[in-house]
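Reader: Please show me the model. I want to go through its helix packing and its pockets.

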Amino acid sequence: MDVEIRVSASAEAARDAAAELLAHAAQRGGHVALSGGSTPRPAYEAAARLEPDWSRVELWWADERCVPPADERSNYRLVRESLLDRLDKGAAIEHRIRGELAPEKAAEAYEAELRGVVFDLVLLGIGPDGHTASLFPNDPALDELRRRAVAVGRADVDRVTVTIPPLNASETIVFLVVGAEKAAAAARAFTGQPDPATPASLVRSASGTTIALLDRAAAAGLPA
């Protein structure tokens with residue numbers, strides 16, 4: 001359950017490394033889960049250039065805000081604009097989390113779709129607080145072992161997230177982390193003990209590979 005840490009000279013280089021992994025996953029085909037946020041957008045754009053045929057992929061989302069798909073906060077919208085709209089051949093199936101539904105209804109619907117699915121690759125980020133997907137520090141969702149997707153209440157906007165068991169069942173987990181504001185969280189996530197206060201420290205591929213792609217700024221807190 002170790003992490004393979006790869007430090008790039010710049011944020012752009014780290015995102016390019018993520019794009020290459022995504023392009024290879026598209027070429028292999030299977031189940032791929034993506035995340036939102038500003039960090040992966042350039043990686044998705046580059047992945048579309050590297051491999052414009054994603055027709056062998058069933059595409060999933062690691063989490064979603066409970067907003068309509070056209071909302072500027074939507075992870076689906078981000079992936080649509082930065083990746084899917086740029087492809088020659090889109091994903092075979094897009095398994096969108098229906099953020100326009102009530103959170104529990106959206107989670108139940110996604111739970112049903114996820115049954116029996118094992119992700120071949122999942123791309124995740126880390127927040128400055130150590131959260132990943134929509135798994136936040138010390139949130140009850142971290143203790144969920146049966147359900148594969150749950151609703152998460154937040155002060156800004158509610159979320160739906162994939163839970164830790166299906167994430168950890170993934171063949172390959174890739175964390176993309178850039179920027180000095182992520183350095184402390186990255187150090188806790190990748191060199192500290194598993195701790196619910198840093199949810200990213202709990203997410204590791206149980207039988208496959210976990211890769212952390214960082215730029216030098218995000219890696220600043222790691223041991224030399």
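Reader: Which hand does the crossing of helix 2 and helix 3 have?
Author: This is a predicted model. In it, the axes of helix 2 (residues 41-50) and helix 3 (residues 75-82) come within 8 Å. They cross at roughly 40°, so helix 2 is oblique to helix 3. The crossing is right-handed.

Reader: Which residues of helix 3 make the contact with helix 2?
Author: The residues of this contact divide into 3 nonpolar, 1 polar and 3 charged. Helix 2 brings Arg41, Tyr44 and Glu45. Helix 3 brings Leu78, Val79, Glu81 and Ser82.

Reader: At what angle do helix 1 and helix 2 pack?
Author: Helix 1 covers residues 11-28. Its axis and that of helix 2 are 8 Å apart. The crossing is right-handed. The angle is about 45°.

Reader: How many residues of the contact of helix 1 with helix 2 are nonpolar?
Author: Helix 1 contributes residues including Ala18, Ala19, Leu22 and Ala23. From helix 2 come Pro42, Ala43, Tyr44, Ala46, Ala47 and Leu50. The contact has no polar residues and 3 charged ones. The nonpolar count is 10.

Reader: Which residues are the closest to the centre of the largest pocket?
Author: The largest pocket has a volume of about 360 Å³. It is lined by 21 residues. The closest to the centre are Gly36, Gly37, Gly125, Ile126 and His131.

Reader: How many residues of that lining are polar?
Author: The lining has 7 nonpolar residues. Another 4 are charged. The polar ones number 10.

Technical notes
Residues are numbered from 1 along each chain as its sequence is written. This is a predicted model: local features need pLDDT of at least 70, side-chain atom pairs count only at pLDDT 80 or more; totals for chains, interfaces and linings use all residues. Side-chain values use heavy atoms; hydrogens and water are left out. Axes are lines fitted to C-alpha atoms, for helices over the stretch in contact, and angles run from 0 to 180 degrees between N-to-C directions. Helices (H or I, at least four residues) and strands (E, at least two) are DSSP runs, numbered from the N terminus. Angles under 35 degrees count as roughly parallel, over 145 as roughly antiparallel, 65 to 115 as roughly perpendicular and the rest as oblique. A crossing is left-handed if the near helix is turned anticlockwise from the far one by less than a right angle, and right-handed if clockwise. Contact means heavy atoms within 4.5 Å. Ala, Val, Leu, Ile, Met, Phe, Trp, Tyr, Cys and Pro count as nonpolar, Asp, Glu, Lys and Arg as charged, and the others, Gly among them, as polar. On a 1 Å grid over the protein atoms alone, a cavity is a set of points where a 1.4 Å probe fits but cannot get out, and a pocket is an open set with protein on both sides within 12 Å along at least five of seven lines; lining residues have an atom within 4 Å of a point. Grid points are joined across faces, edges and corners, and a volume is the space filled by probe spheres set on the points.
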